[in-house]
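Hi,

Here is the structure I promised to pass on.

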Amino acid sequence: MKTPSKPAGKKKRILVAEDHPLFLEGLVQLIHRERDLCCCGGADTVAATQMAVTMLKPDLLVLDLRLKDGDGLELIKTLKSRFPSLRMLVLSQNDEALYAERALRAGARGYVMKEEATKDVLIAIRTILKGELYVSRKMSVLALHKLLATSTGARGGYVDRLTDRELQVFQMIGAGKGTADIAAELGLSFKTVETHRENIKHKLGLRNAVDLICHAVHWVHGATPSDPQSGARTSAG
């Protein structure tokens, strides 16, 4: 007679919030292949994610920053407020140099870009489940440089003046989207997006809509010069 094998430890339950069906399916399969992990559910909207977290009480939520009906950063803040012990990992195609720090501030415990290898995703999941933070080596180096930098004029520093929503609008302007398109995609009113545009111009020291569009396009393509306000300060001095 066979001796009963020792029961396996309880699997950690992962909830996935992702609105691309193929990527969602691949991530679910990846998790299910692991002996210590299981996927307890999937969601593709902000509303469905909130409901799933409430009902399923996962050990970890893996989410994209863009879902069908809203903004992932705002979702992280809401969930952190409602479920303080919930651990969250962002898995996104958005540049980590721009979004990782904001995601961590919002309440996420880690950030991985979708282009990374599957082994890195699994390492991130297990790292966060152990109660630790996870960012890529590249992001760790960037954080150290930021900490040690003495100049605030480096690329990227000045956009810290923008709120999460303003930065999102700024990037969408740079991607060629008009106010109506941005409003529809983010679920905002036309007037609200116009207000964000005005705030961005004011915070970045841009004179008009043309300057805003040109600067946003340059930023998105990585060709932005230093702080646009620095020139104004130099000429004023």
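First, the ground rules. This is a predicted model, where local features need pLDDT of at least 70 and side-chain atom pairs count only at pLDDT 80 or more, while totals for chains, interfaces and linings use all residues. Residues are numbered from 1 along each chain as its sequence is written, and side-chain values use heavy atoms, with hydrogens and water left out.

The pLDDT is the predictor's confidence in each residue, from 0 to 100. Its mean over the chain is 83, and 81% of the residues reach 70 or more. Over residues 1–7, though, the pLDDT is below 50, and beyond near neighbours in sequence this stretch has zero contacts in the model (contact means heavy atoms within 4.5 Å). Residues 150–155 also have a pLDDT below 50, with six contacts beyond near neighbours in sequence. Where pLDDT is low, the predicted coordinates should not be read in detail.

Now for helix 7, residues 164–174. (Helices are DSSP runs of H or I, at least four residues, numbered from the N terminus.) Is this helix enclosed or open? Of its 11 residues, 10 are buried, so the rest of the structure largely encloses helix 7. Buried means under 20% relative accessible area, with over 50% being exposed and anything in between partly exposed (1.4 Å probe, protein chains only). Among the buried ones are Asp164, Leu167, Phe170 and Gly174. Glu166, also in helix 7, counts as buried because its relative accessibility is 4%. Leaving aside neighbours within four places in sequence, Glu166 is in contact with Arg161, His196, Asn199, Ile200 and Lys203. Just after helix 7, look for Gly176, which takes a positive phi of about 95°.

Which helix does helix 7 cross? The axes of helix 7 and helix 8 (residues 179–186) come within 10 Å and cross at roughly 130°, so the two are oblique. The axes are lines fitted to C-alpha atoms, for helices over the stretch in contact, and angles run from 0 to 180 degrees between N-to-C directions. Angles under 35 degrees count as roughly parallel, over 145 as roughly antiparallel, 65 to 115 as roughly perpendicular and the rest as oblique. Helix 7 contributes Arg165, Gln168, Val169, Met172 and Ile173 to the contact, and helix 8 contributes Ile182, Glu185 and Leu186.

Helix 8 also packs against helix 9, at an angle of about 115° with the axes 9 Å apart, so helix 8 is roughly perpendicular to helix 9. Here Thr179, Ala180, Ile182 and Ala183 of helix 8 meet Phe190, Val193, Glu194 and Arg197 of helix 9.

Further along helix 9 (residues 190–204) you'll find Lys201. Is Lys201 buried or exposed? With a relative accessible area of 13%, Lys201 is buried. Not counting residues up to four places away in sequence, Lys201 touches Leu206, Asn208, Ala209 and Leu212. The C-alpha atoms of Lys201 and Leu212 are separated by 6.4 Å, and the two residues are 11 apart along the chain.

Last stop: helix 4, residues 96–106, where the buried residues include Glu96, Tyr99, Arg102 and Ala106.

Cheers
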